[in-house]
Amino acid sequence: MSNKSVTRRGVLKTGAVAGAGVALPTIFTASSASAFTNEPTGGTVTLGFNVPQTGPYADEGNDELLAQQLAVEHLNGEGDGGCLNTFTSKALKGNGILGKKVTFVTGDTQTKSDAARASAKSMIEKDGAIMINGGSSSGVAVAVQGLCQEAGIIFMAGLTHANDTTGKDRKKNGFRHFFNAYMSGAALAPVLAKEMGADRRAYHLTADYNWGWTQEESIVASTEALGWETVNTVKTPLASTDFSSYIAPVLNSGADVLVLNHYGGNMVNSLTNAIQFGLLDKVANGKDFKIVVPLYSELMAAGAGENIKGVLGSMNYNWQLENEGSKAFVKSFGEKYGKPPSNSAQTCYAQVLLYADAVERAGSFNPCAVVEALEGFEFDGLGNGKTLYRAEDHQCFKDVLVVRGAQNPTNAYDTLEIVEITPVDQVTYPPDHPMFGGAEATLGECNEGA
Amino acid sequence: MDAILLQILNGLDKGSAYALIALGLTLIFGTLGVVNFAHGALFMIGAFCAVTLQRILNLSFESVDESQTDFLGNPLKVKTPYVEAWFGPEAGAVIIDWSVPLAVLFAIPIMLFVGYAMERGLIKFFYKRPHADQILVTFGLAIVLQEVIKYFFGANPIQTPPPEALRGSLDLGVMVGFDPNAIIYPIWRLVYFVFATVIIGGVFAFLQFTTFGMVVRAGMADRETVGLLGINIDRRFTIMFGIAAAVAGLAGVMYGPLNPPNYHMGMDFLVLSFVVVVVGGMGSLPGAVLAGFLLGILESFASTTWATTTIPGINQIIIYLVAIIILLTRPRGLMGRKGVMED
């Protein structure tokens with residue numbers, strides 16, 4: 001005799017399981033019907049903005065987000081159009097992308113690789129983002145770039161300065177508009193030679209992680225090529241807050257230049273400490289002691305306050321640039337938000353427009369078509385002057401700015417002054433340069449996902 | 001030799017901050033038996049008292065200067081601080097210049113109140129709960145406090161420079177017979193060390209030489225007996241919580257000119273300060289101070305090029321390494337007493 005009996009609940013359970021089983025193949029069929037990951041089907045297309053919204057770079061992330069929102073407005077034909085009016089490619093009409101209204105979702109990278117990957121994954125899988133844009137860290141950029149490559153999504157990097165992003169870690173689906181550590185070295189070297197001479201002894205303090213190492217390598221190479229001697233290179237833990245123990249040995253090291261390969265809070269504190277120890281008032285080897293901060297940002301300049309006066313560094317962009325693209329962007333951003341844009345904001349704005357333009361020119365959202373449209377693309381009118389998206393490594397090549405902390409700023413925004421606009425030819429290097437992974441570094445194959 | 005002296009000075013300076021925070025932590029633990037993970041946040045709030053006072057003193061009215069333009073090409077709005085309008089440009093500028101020392105006075109009542117409110121509003125409900133609960137709730141409170149500060153002040157560091165007269169550095173080497181420029185040390189770091197010594201001395205004198213302090217010490221030794229004598233020890237302990245908060249806050253105010261305050265500076269110090277307390281001996285005030293200076297000096301020496309090239313990474317682990325060695329050889333810490341945190 002069997003104890004089994006048919007119950008209403010049992011029938012429902014069995015039905016549900018059977019139903020799911022029948023539906024399962026259809027889910028896969030529906031998915032595979034798309035030619036590529038997150039192919040937009042309705043009247044809208046969703047972009048994913050992955051920026052630090054919490055953590056120490058939250059202010060920079062916020063600036064990136066403001067710029068990305070502005071770009072979306074301009075793409076949808078709202079506002080004054082910004083750089084759509086100055087961009088040399090005229091594919092964008094202010095009617096969205098391929099006629100679809102642009103919407104966006106945001107993720108919080110927290111400036112942590114794992115958190116950034118998780119937020120990018122969520123935007124791709126849950127929100128159907130067709131591309132990922134933004135970020136403020138090379139570690140994050142490399143991690144998210146790898147994820148987007150696997151997912152078949154285009155990644156437009158934000159502020160990432162390590163050589164590796166478009167060097168040994170370059171990917172076919174990833175693109176960098178921002179400049180890199182090699183370019184900083186190449187742009188700074190002639191200015192350093194002019195202002196400080198060819199007979200200098202440099203002491204490096206370097207943040208002990210990937211970006212710090214590549215920047216130190218780049219600056220050491222370009223300054224030694226000038227004839228400078230490198231006295232010492234000291235790695236400082238990323239979590240350091242007080243640099244007095246690292247600055248004190250500089251005093252009697254025989255060096256006459258201190259290079260701070262630090263970013264963000266590290267740079268603000270190390271520069272503040274160096275000034276406290278009177279380094280800039282010191283005379284060493286018969287020369288005035290100098291400090292160089294190879295990578296500057298507006299927020300770091302604000303954080304460092306008066307300490308940056310006279311200190312040289314480099315930038316990807318500065319709002320004081322007077323070309324037509326820059327003027328249009330500053331006007332649009334300034335009128336909407338009441339402040340000039342930072343260089344990370346400009347990069348993120350340009351990247352959104354460049355992606356949208358590539359889709360329009362390709363006539364498709366297919367990532368491989370977008371890759372093809374961006375590779376070797378030459379343009380102007382986005383604020384940096386003439387720019388090339390090099391096909392071999394997906395790195396933008398454009399002029400690089402050498403800047404100096406202003407002696408007498410008149411307001412909170414002109415704390416940095418442009419010393420020189422280094423022409424693109426001086427910062428160009430071969431795609432198989434040893435600092436960029438050498439001959440082994442390749443982009444790999446394009447992945448369209450799905 | 002000069003390099004060694006410089007690192008000792010650096011160590012005393014770092015140690016000052018560790019000792020001040022650890023002193024407050026130990027004071028709270030010794031009196032109330034609470035492990036307060038929000039203590040770093042109190043240090044951070046102190047630093048932001050200086051930022052707040054700086055902003056108050058810089059409150060300005062705007063006037064339009066037609067001769068200059070802003071970044072959009074509109075006539076420039078020139079800001080003039082009210083204090084400069086009220087007291088004259090020179091006196092006003094001096095007041096603004098001395099905002100950090102003035103913030104010490106500004107921070108004391110605020111920090112006493114914050115400490116009092118924290119103890120009465122939240123922590124008193126956790127006295128009878130396990131230490132794990134106390135750690136969780138105070139750690140949560142620390143996160144809330146830092147996010148509140150971030151909401152109002154942003155994530156970027158904010159400079160609170162020392163007065164003009166106390167900027168720059170002194171050639172200490174010349175004073176003790178070394179060559180010029182051999183031992184140059186920032187003035188404000190010396191000020192910080194002296195300030196820390198005065199505060200630490202003040203707290204010890206308060207506990208040692210006042211009736212209030214005597215009762216508190218008696219309460220720390222045997223709370224129950226003091227209660228049986230008809231003394232309201234809880235009220236005194238609440239006041240001690242306020243004093244511990246003020247000590248952490250003042251440490252933060254004076255620390256701002258060394259490294260510009262940001263919302264997570266408390267967390268940066270918290271773990272280190274706990275190690276200091278444990279190494280010094282839970283509940284031991286002299287232990288906390290001794291361990292603070294000791295670990296500060298060791299950390300400075302471990303950061304020298306000689307140390308990092310001999311043992312790579314030593315600068316990152318030295319404090320924890322010393323903590324392990326001390327706890328293995330002296331399980332109660334340097335000056336810990338029997339019976340504290342032992343069932």
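Trainee: Quick one first: what counts as a helix or a strand here?
Mentor: Both are DSSP runs: a helix is H or I over at least four residues, and a strand is E over at least two. Keep in mind that this is a predicted model.

Trainee: Got it. Which feature does UniProt place at residues 44–404 of chain A?
Mentor: The record, an unreviewed entry, calls that stretch "domain: Leucine-binding protein".

Trainee: How much helix and strand is in that span?
Mentor: It is 41% helix and 20% strand. The end C-alpha atoms of the span lie 44 Å apart.

Trainee: Let's look at the strands. In what order do the five strands of the parallel sheet run?
Mentor: Follow β2-β1-β3-β4-β5 in chain A; they make an open sheet. At its edges are β2 (101–108) and β5 (174–176), and each of these pairs on one side only. On average, neighbouring strands are turned by 20° against each other, direction ignored.

Trainee: Zoom in on β3 and β4 of chain A. How many bridges join them?
Mentor: Four, in the parallel sense, between residues 131–134 and residues 154–157. To see a partnered pair, take A:I132: its bridge partner in β4(A) is A:F155.

Trainee: What about the three-strand sheet, is the pairing parallel or antiparallel?
Mentor: Antiparallel, in an open sheet ordered β13-β14-β15 in chain A. β13 (377–379) and β15 (396–397) stand at the edges with a single partner strand each, so one side of each has no neighbour in the sheet.

Trainee: Which residue is the bridge partner of A:L388 in β15(A)?
Mentor: That is A:F397. Strand β14 (residues 387–389) and β15(A) share two bridges. Helix α11 (residues 343–362) packs on this sheet, touching β13 and β14 of chain A. The direction of α11 makes about 120° with that of β13(A).

Trainee: Switching topic: how many salt bridges does the structure hold over all chains?
Mentor: There are 30. One of them joins the side chains of A:K287 and A:D199, at 3.7 Å from N to O.

Trainee: Why does that pair tie together parts 88 residues apart in sequence?
Mentor: Because A:K287 lies in strand β10 (residues 287–288), while A:D199 is in the loop between α5 (181–196) and β6 (201–207) of chain A.

Trainee: On to the two chains. How many residues of each are in contact?
Mentor: 45 residues of chain A are in contact with 36 of chain B. Together the chains bury about 3,000 Å², with 50% of it on carbon and sulfur atoms.

Trainee: Which three residues supply 19% of the area chain A buries there?
Mentor: A:S245, A:Q276 and A:F277, more than any other three residues.

Trainee: How many salt bridges are counted between chain A and chain B?
Mentor: Three. In one, A:E306 meets B:R167, and the closest N and O atoms are 4.0 Å apart. There are also 20 residue pairs in polar contact across the interface.

Trainee: Which element gives the most to the side of chain A that touches chain B?
Mentor: α7(A), with six residues. Other elements of chain A supply at least two residues each, including α2, β7 (229–236) and α8 (264–276).

Trainee: Last stop, chain B. What does UniProt say about residues 190–216 and 270–298?
Mentor: An unreviewed entry annotates both as "transmembrane region", along with others including 15–35 and 91–114. In the model, residues 190–216 are 96% helix and 0% strand, with end C-alpha atoms 32 Å apart.

Terms used: Residues numbered from 1 in each chain as written. Chains lettered and ligands numbered in written order. Predicted model: local features only at pLDDT ≥ 70, side-chain atom pairs only at ≥ 80, totals over all residues. Heavy atoms only, no water. UniProt positions renumbered as here; feature names shortened; annotations may be inferred. Pairing = 2+ DSSP bridges. Axes fitted to C-alpha atoms, helices over the stretch in contact; angles between N-to-C directions. Contact = heavy atoms within 4.5 Å. Buried area = accessible area lost by both parts, 1.4 Å probe. Polar contact = N/O pair within 3.5 Å; in protein donor to acceptor, adjacent residues only side chain to side chain.
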